[in-house]
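Here is a friendly note to read alongside the model. Please keep the picture open and find each element as we come to it.

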Amino acid sequence: MAARKAAAAPNVSAEELLTYYRDMLLIRRFEEKAGQLYGMGLIGGFCHLYIGQEAVVVGLEAAAEEGDKRITSYRDHGHMLACGMDPNGVMAELTGREGGYSKGKGGSMHMFSREKHFYGGHGIVGAQVPLGAGLAFADKYKGNGRVTFTYFGDGAANQGQVYETFNMAALWDLPVVFVIENNQYAMGTAQKRSTSTPELYTRGAAFGIKGEIVDGMDVLAVKAAGEKAVKHCRSGKGPYILEIKTYRYRGHSMSDPAKYRTREEVQKMREERDPIDHVREMLLTGKHASEEDLKAIDKEIKKIVGDSADFARNSPEPALEELWTDIYADAPTEGAV
Amino acid sequence: MPRMTMIEALRDAMDVKLAQDPSVLVFGEDVGYFGGVFRCTAGLQAKHGEERVFDTPINESAIVGMAVGMAAQGMRPCVEVQFADYVFPAYDQITQEAARLRHRSNEMFTCPLVVRMPTGGGIFGGQTHSQSPEALFTHVAGLKVVIPSTPYDAKGLLIAAIEDPDPVIFLEPKRLYNGPFYGDHSGKSVGWAKHPAGEVPEGHYAIEIGKADVRRPGSDVTILAYGTMVYIAEAAVEQSGIDAEIIDLRSLLPLDLETIKASVEKTGRCVVVHEATRTSGFGGELIAEVQEACFWHLKSPLQRVTGWDAPYPHATEWDYFPGPDRVIRALHKAMED
């Protein structure tokens, strides 16, 4: 990715830019806090931070409408915050507490929200992709005009079931946007070491699925591509692929020694392509906000994140009996149509 | 009362549910236009439409994965895996997505899904068309595992499975599709037309999942069997004259331990019979359960008759297949002490 020129003032309102700034900053500060809590031993196990990739989910959520669905892999905290889930509930799930979205039964990789149409949080690479097409199938069957954002990474893009799903989604014109978040490393394996054709947006060509590459460090570019993709899906033309080039600043998970890339590479990306700095510059150069305004937002976000950490620490541990709940239904249920 | 083969009874169950509940969908390889490799879905597409009964590509993983997504939206997918031997690519979706969605989402999303598959041998299918993989599913909390042995049970259990709020693995003993099988592979097969269990009521009825059926009351020894082995046990009892009580488990998970316990407490002896390979087979679990529940009632060591620990053979199928002779030997052994 080439270094971005000084931010021009595009045709976008101050209000909109401030929303993106706030939403991306919330994800970043939340993730930084999660990293701290992990270091303190309050979060155990696996924790995959989204820092650096914030523009992807915030841009696409700006293109989504009420009732649209989203499903993703294990690097999921950003998606949950971007679709409006409560930071307290997310953080408390990370710490494995009763106040977490899954009452501590899911953990970092496995959280859900019926209210926000967030279908998880899935820990197996690529396994959520057919589920996403299934969600889209159900929407098409119900005829409700909804679209499903099915996120997966550049690593998952080599999984067989992704192509099984592409075929079916195209065959049945399912309203699904396949979002390939290409952060260029499948855990510790650079794309060039694992992938014959780096142009992942072309991977749908064999199935007749249109795809395009998007600058994932530019929230406006993501939003514009998202709107195009959603329009395509909603008009009944079937699936659409967005390969969103992005970058994660932190390791794959908390235990990643990051020996597979140079410190300079990460540093360069942070300095030249940071998605939050990008919006910040636009806000300041376009005189949409003052340094003071942005400081006030920083303070507000800091409080939300601090409160979520407090909530996550103070929420009680789940009762042992939870182990035996929600394995099977207690009573029969009705079909949804 | 109408008489049906197991194939017709299964078809009738799907027909009843498709007519009753618009959230029910039936799909899989060759299921729609062609009507299924064993004809279980013949005519259903013509009657209920291509939108509800349809063909899929040959992609077990994504078939089940999409069904999980549909089910998470409240649909009631009833999918066919053409042979149980083909289920392995879908094992990840079944065990890690379908079975656990309810628990890890704290019941926010559930998975009312049925995966039907013809199971077992006796049709000269060789090692990839004869296997009995039930133990791979009984090992997974969150699944139910059902295996009928009569047309009557097949219809009632399949209706119950489709109505069940949790994922059900529905194993269909393919050797029984057209008639009972008493182990005489060279003799003329007898169809369901003359068997009392071939009488199948019209319309809706459900058999509770988790209830075993005492197929033959007896006082000397208890035989625990399911699927094709119920008839092999009947043949063994008839040929040996031993007054065995034959229990058709019908549901392996949940297991009807009450019925098993009552019988073994009465007889004090027990023989477990299944087609699947011996080591880590479901028989091991049955024996452990009986030992824990009935130890002080036992008069002799528990016996197991199973397939051998070898790939399912082609030429030597009838040496592998646990026929009446081997069951009789086990019965005599159980009666020794």
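1. Let's begin with the inventory of chain A. Chain A has 11 helices and seven strands, where helices (H or I, at least four residues) and strands (E, at least two) are DSSP runs numbered from the N terminus. The radius of gyration of chain A is 20 Å, close to the 20 Å from the globule rule for 337 residues, so chain A is as compact as a globular protein of that length. The radius is taken over C-alpha atoms, and the rule is 2.2 Å times the number of residues to the power 0.38.

2. A word on conventions before we go further. This is a predicted model, in which local features need pLDDT of at least 70 and side-chain atom pairs count only at pLDDT 80 or more, while totals for chains, interfaces and linings use all residues. Residues are numbered from 1 along each chain as its sequence is written, chains are lettered from A and ligands numbered from 1 in the order in which they are written, and side-chain values use heavy atoms, with hydrogens and water left out.

3. Next, the overall form of chain A. Along the principal axes, its C-alpha atoms fill a box of roughly 55 × 50 × 40 Å. Of the 337 residues of chain A, 55% count as buried; buried means under 20% relative accessible area, exposed over 50%, and partly exposed in between (1.4 Å probe, protein chains only). Chain A exposes about 14,000 Å², and carbon and sulfur atoms supply 51% of it. These areas come from the Shrake-Rupley method with a 1.4 Å probe; for residues, only the protein chains shown count as cover.

4. Contact here means heavy atoms within 4.5 Å.

5. Now look for the sheet in chain A. Five strands form an open, parallel sheet in the order β1-β2-β3-β7-β6; two strands pair if DSSP finds at least two bridges between them. Its edge strands are β1 (69-71) and β6 (211-215) of chain A, each pairing on one side only. Neighbouring strands of this sheet are turned by 20 degrees against each other on average, direction ignored. Axes are lines fitted to C-alpha atoms (for helices, over the stretch in contact), and angles run from 0 to 180 degrees between N-to-C directions.

6. Inside that sheet, β3 (residues 176-182) and β7 (residues 240-245) of chain A pair in the parallel sense over six bridges. One pair to find is A:Ile180 with its bridge partner in β7(A), A:Glu243. Helix α2 (residues 54-63) of chain A lies across β1, β2 (148-153), β3 and β7 of chain A, running at about 165 degrees to β2(A).

7. Chain B has an assignment into domain 1 (6-198) and domain 2 (213-335); such bounds come from an automatic or database domain assignment. The contact between them takes 35 residues from domain 1 of chain B and 29 residues from domain 2 of chain B. Their C-alpha centres lie 25 Å apart.

8. Chain B also has an open sheet, with seven strands in the order β2-β1-β3-β4-β6-β5-β10 and mixed pairing. At its edges are β2 (53-55) and β10 (251-253) of chain B, each pairing on one side only. Strand β5 (residues 144-146) of chain B pairs with β10(B) in the antiparallel sense over two bridges, and B:Val146 has B:Ser251 as its bridge partner in β10(B). Helix α3 (residues 60-72) of chain B lies across β1 (24-28) and β3 (76-80) of chain B, at about 170 degrees to β3(B).

9. Is strand β8 (residues 221-225) of chain B enclosed or exposed? Five of its five residues are buried, so β8(B) is largely enclosed by the rest of the structure. In a regular strand the side chains alternate between the two faces of the sheet. Here B:Val221, B:Ile223 and B:Ala225 are buried on one side, and B:Thr222 and B:Leu224 on the other. β8(B) pairs with strand β9 (residues 244-248) of chain B in the parallel sense over five bridges, with B:Ile223 opposite B:Ile246.

10. Finally, some backbone details. Most residues other than glycine have a negative phi, and most peptide bonds are trans. A cis peptide bond joins B:Leu253 and B:Pro254, with omega about 0 degrees. A:Gln184, in the loop between β3 and β4 (185-186) of chain A, has a positive phi near 80 degrees. B:Asp30 has a positive phi near 70 degrees and, at 35% relative accessibility, counts as partly exposed.
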